[in-house]
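I opened this notebook to record what I looked up in one structure. The entries follow the order in which I consulted it.

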Amino acid sequence: MCSTHARSGRLRNSSSPRHRHRALCVAMGSPSHLLRTARGGPCADCGNQVHWYLGVEHQPVCLHPHELPTAAVPEVHRWHIGAGIAYPAGDGSPWCRIAHRTLCPARDTPESLTQHLVRLRQHLALQTRRLLDDGAFTPPSRRTTAGFRPTPRCQPARPVVDLLGSRYLATQPIAEIRCVARTHRGTRSLNRVLALRRPRGTWRLTTLLLGRPPVLPAVEIAVYDLGHLARVEQHRWRAQRCPTHALVPEAADMAPEDWEIFDPLLHHQHIATRLPMGQARHRGRA
């Protein structure tokens, strides 16, 4: 595991012995899945390598794979790693991490970046151009012609899903939830969890009762219900595996599952009160 702390009494400069920093990885033949740190892979927007960690609220956090001098990173952009968990702050050491979205050349440039970070963004932009020229990366805008499914119209960006007796909040539209398994090439699978020849969930409206303090009025919520599927199929969704990799349980995961336990008070902004376009009206209980 790469340390985010400089060793006591030593500075990381040209006079220090050079060490090859290695991230923890899952062995190809290991039956275990995720470790709690340094799950690498390409950014879906720019193709550059990133590292995935779990945040303090168990959410996936995407960080630039290398440490940066703390002085070169504005305080608001600093992250550090402790016991495999990503924390959005510095830890007092001369080195820190930074979220990839701050440097991603496919995103708008944040305000008040230091010259060091501006140059790093430019370097990543050049890397993206090389990947495009080599055909090693396909940007999202071109993926519909390369076999990727477009996002359905009028679908909730973060749908609420009933699964295995619990209610979860997804991080992407249903059709865009991507398999987390590692392929034999050592990359994350491009397959989607939603499969053409597999039973699908049902959109329904249900009454959501917010009974705990503060008491809020009941609301109708659109839910993607997978509870009627066979249990093995529900477990496949919960593990976020495509049908192909569901048959290979020993295959490691390249990223954490995107599910969050749905909390109507914390996630109220994601509550959809009408069914997606073209869906029949079904009612159910909360």
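The entries below go from the whole chain to single elements.

**Entry 1: the whole chain.** I noted at the outset that this is a predicted model. I then looked up the secondary structure of the protein chain and found four helices and 13 strands. The chain has 286 residues, and I recorded 43% of them as buried. Its accessible surface comes to about 16,500 Å², with 54% of that belonging to carbon and sulfur atoms. Among the contacts with a separation of 6 or more, 59% are between residues 24 or more positions apart.

**Entry 2: the nonpolar cores.** Which residues have the most contacts inside the largest nonpolar core? I found Leu163, Ile174, Tyr224, Trp237 and Trp259, in a core of 20 residues. The elements giving two or more residues to this core are β8 (160-163), β10 (202-210) and β11 (216-225). Another core, of nine residues, lies apart from it, and I listed Ile98, Leu103, Leu113 and Leu120 among its members.

**Entry 3: Trp237 and helix α3.** I looked up the contacts of Trp237, leaving aside its neighbours within four places in sequence. They include Leu163, Ile174, Ile177, Tyr224 and Trp259. Trp237 belongs to helix α3 (residues 231-238), where Glu233, Gln234 and Arg236 are buried as well. These buried residues fall within an arc of 155° seen down the axis, so they line one face of α3. The face turned away from them carries Arg231 and Val232, which are exposed. After α3 comes Gln240, with a positive phi near 55°.

**Entry 4: helix α2.** I checked the length of helix α2 (residues 115-134) against its number of residues. At 1.5 Å a residue, its 20 residues should span 28 Å, and the end C-alpha atoms are 29 Å apart, which agrees. Which residues of α2 are buried? I listed Leu117, Leu120, Arg121, Leu124, Thr128 and Leu132. They cover an arc of only 125° around the axis, which puts them on the same side of α2. I also noted the general rule that an α-helix has 3.6 residues a turn, so residues three or four places apart point the same way. The other side of α2 holds the exposed residues Gln115, Arg119, Asp133 and Asp134. The buried residues of α2 pack against β4 (68-69), β7 and α1 (100-103). Gly135 follows α2 and has a positive phi near 75°.

**Entry 5: strand β5 and its partners.** I looked up strand β5 (residues 78-82) and found four of its five residues buried. Two bridges join β5 to strand β7 (residues 95-98), and the two run antiparallel. Trp79 has Arg97 as its bridge partner in β7. Strand β6 (residues 85-87) is also antiparallel to β5, joined to it by three bridges. There, I found His80 opposite Tyr87. Two residues lie between the strands in the hairpin of β5 and β6, where Ala83 takes a positive phi near 55°.

How values were computed. Residues are numbered from 1 along each chain as its sequence is written. This is a predicted model: local features need pLDDT of at least 70, side-chain atom pairs count only at pLDDT 80 or more; totals for chains, interfaces and linings use all residues. Side-chain values use heavy atoms; hydrogens and water are left out. Buried means under 20% relative accessible area, exposed over 50%, partly exposed in between (1.4 Å probe, protein chains only). Two strands pair if DSSP finds at least two bridges between them. The expected span of a helix is 1.5 Å times one less than its number of residues. The arc is that of the directions from the helix axis to the C-beta atoms. Contact means heavy atoms within 4.5 Å. A nonpolar core is a set of buried Ala, Val, Leu, Ile, Met, Phe, Trp, Tyr and Cys residues joined through side-chain atoms within 4.5 Å. Accessible areas come from the Shrake-Rupley method with a 1.4 Å probe; for residues, only the protein chains shown count as cover.
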